[in-house]
Amino acid sequence: VKGGLVVDLGTRAFLPASQADLGYVADLNAYLGQTVRVRIIELDRSARKLVVSRRKVLEEEREQRRAAALASLEEGQLCAGTVKSVTDFGAFVDLGGVDGLVHVSELTWVRGKHPSEVVSPGEQVTVKVLRVDREQGKVSLSLKQAQPDPWENVAARYPEGAWVTGRVVRVVPFGAFIELEPGVEGLAHISQLAPRRVQDPREVVQEGDEVQVRILRASAADKRISLSLVPAAERQPRDGQRRRPERRERAHAQAGSGEHVTLGEMYGDLLEET
């Protein structure tokens, strides 16, 4: 009928279209002949008026499922879920009654990817539960931590002195970040780009270049790899210089990752040379 549905409860009742489901229903004819559970929301015996809601029942059932799902979740647990939506800051995953957020930083081990490049709505995923706030009803999830960490055993895969092929992914004033495999990047400091003095890293490399690099150091604990494009035999320091490239490379890597470094750590060797 106009505005909704007539429901037979043994007596005539009205189910408004806005109370037929959780969302908007374009075609109410789909409900004809169906048996549904409803809750009485208005009753006026004198006016013989009876109004019911199916939406109230569905909301209560959804809340029960959500509460049960929240109670079953524990930090560190692996769960199967379905990607519900994707935003610029991450993805929401339905865990079967409760939605959890996978922040963009927890989507993939590969940096710089937009969430839409990693997952899509409707995709089935396995996630790790990071935090559960039962009072607020919020769940923080990680997709990348449910997958193998590419930095595990990195020192064994990239031993010191080995030559490997990598791709330049970022060029910065103090060197170039080179991807050795998805999720694993190393830094070739500007002092390790060529046997000669380099003023600007772009004199030697550009983003997207495929290069051969030598492993100087690899640390799984620090998630850092120091690289060099220069064979050891070709590295000739200038006369009278006392270089400490390791210290400067480490400081530049810290600065590049947003960590606190001092000017002394970054440029102390240059001041000593002066």
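What covers the buried residues of helix H1? Strand E3 (39-44), strand E4 (49-53), E8 and E9 are included in that cover. Before we go further, some bookkeeping. This is a predicted model, numbered from 1 along each chain as its sequence is written, in which local features need pLDDT of at least 70, side-chain atom pairs count only at pLDDT 80 or more, and totals for chains, interfaces and linings use all residues. Side-chain values use heavy atoms, with hydrogens and water left out.

Now the overall picture. The chain's secondary structure comes to 5 helices and 14 strands; helices (H or I, at least four residues) and strands (E, at least two) are DSSP runs, numbered from the N terminus. Of the 274 residues, 38% count as buried, where buried means under 20% relative accessible area, exposed over 50%, and partly exposed in between (1.4 Å probe, protein chains only). Take the contacts, meaning heavy atoms within 4.5 Å, between residues at least 6 apart in sequence: 56% of them join residues at least 24 apart.

Back to H1. The helix has 18 residues and reaches 26 Å from its first C-alpha to its last, close to the 26 Å expected at 1.5 Å a residue; the expected span is 1.5 Å times one less than the number of residues. Its buried residues are Val57, Leu58, Ala69 and Leu70. As a reminder, an α-helix has 3.6 residues a turn, so residues three or four places apart point the same way. Leucine 58 has a relative accessible area of 17%, so this residue counts as buried. Leaving aside neighbours within four places in sequence, leucine 58 is in contact with Asp21 and Leu22. Arginine 37 is 21 residues from leucine 58 in sequence and 8.8 Å away in space, C-alpha to C-alpha.

In it, 5 strands close up in the order E10-E11-E12-E14-E13, with mixed pairing. Neighbouring strands of this sheet are turned by 50° against each other on average, direction ignored; the axes are lines fitted to C-alpha atoms, for helices over the stretch in contact, and angles run from 0 to 180 degrees between N-to-C directions. Two strands pair if DSSP finds at least two bridges between them. Arginine 217 stands opposite serine 226 in E14.

What about the nonpolar residues? A nonpolar core here is a set of buried Ala, Val, Leu, Ile, Met, Phe, Trp, Tyr and Cys residues joined through side-chain atoms within 4.5 Å. The largest has 22 residues, and those with the most contacts inside it are Ile178, Leu180, Val213, Ile225, Leu227 and Leu229. The elements giving two or more residues to this core are strand E10 (163-172), E11, strand E12 (184-189), E13 and E14. Apart from it lies another core, of 19 residues, among them Val83, Val93, Val129 and Leu141.

Not counting residues up to four places away in sequence, glutamate 179 touches Val110, Gly166, Arg167, Val169, Val184 and Glu185.

Finally, the charged pairs. Side chains of opposite charge can pair when their charged atoms come close. With a salt bridge taken as a side-chain nitrogen of Lys or Arg within 4 Å of a carboxyl oxygen of Asp or Glu, the count comes to 13. Glutamate 181 bridges to arginine 157, with the closest N and O atoms 3.3 Å apart. Glutamate 181 lies in strand E11 (residues 175-181) and arginine 157 in helix H3 (residues 154-157), so this pair ties together parts that are 24 residues apart in sequence. Glutamate 181 is partly exposed at 22%, and arginine 157 is partly exposed at 36%.

Another bridge joins glutamate 74 to arginine 134, the closest N and O atoms being 3.9 Å apart. Glutamate 74 sits in the loop between helix H1 (55-72) and strand E5 (78-87), and arginine 134 in the loop between strand E8 (124-133) and strand E9 (138-142), so the pair ties together parts 60 residues apart in sequence. Glutamate 74 is partly exposed at 47% relative accessibility, and arginine 134 is partly exposed at 43%.
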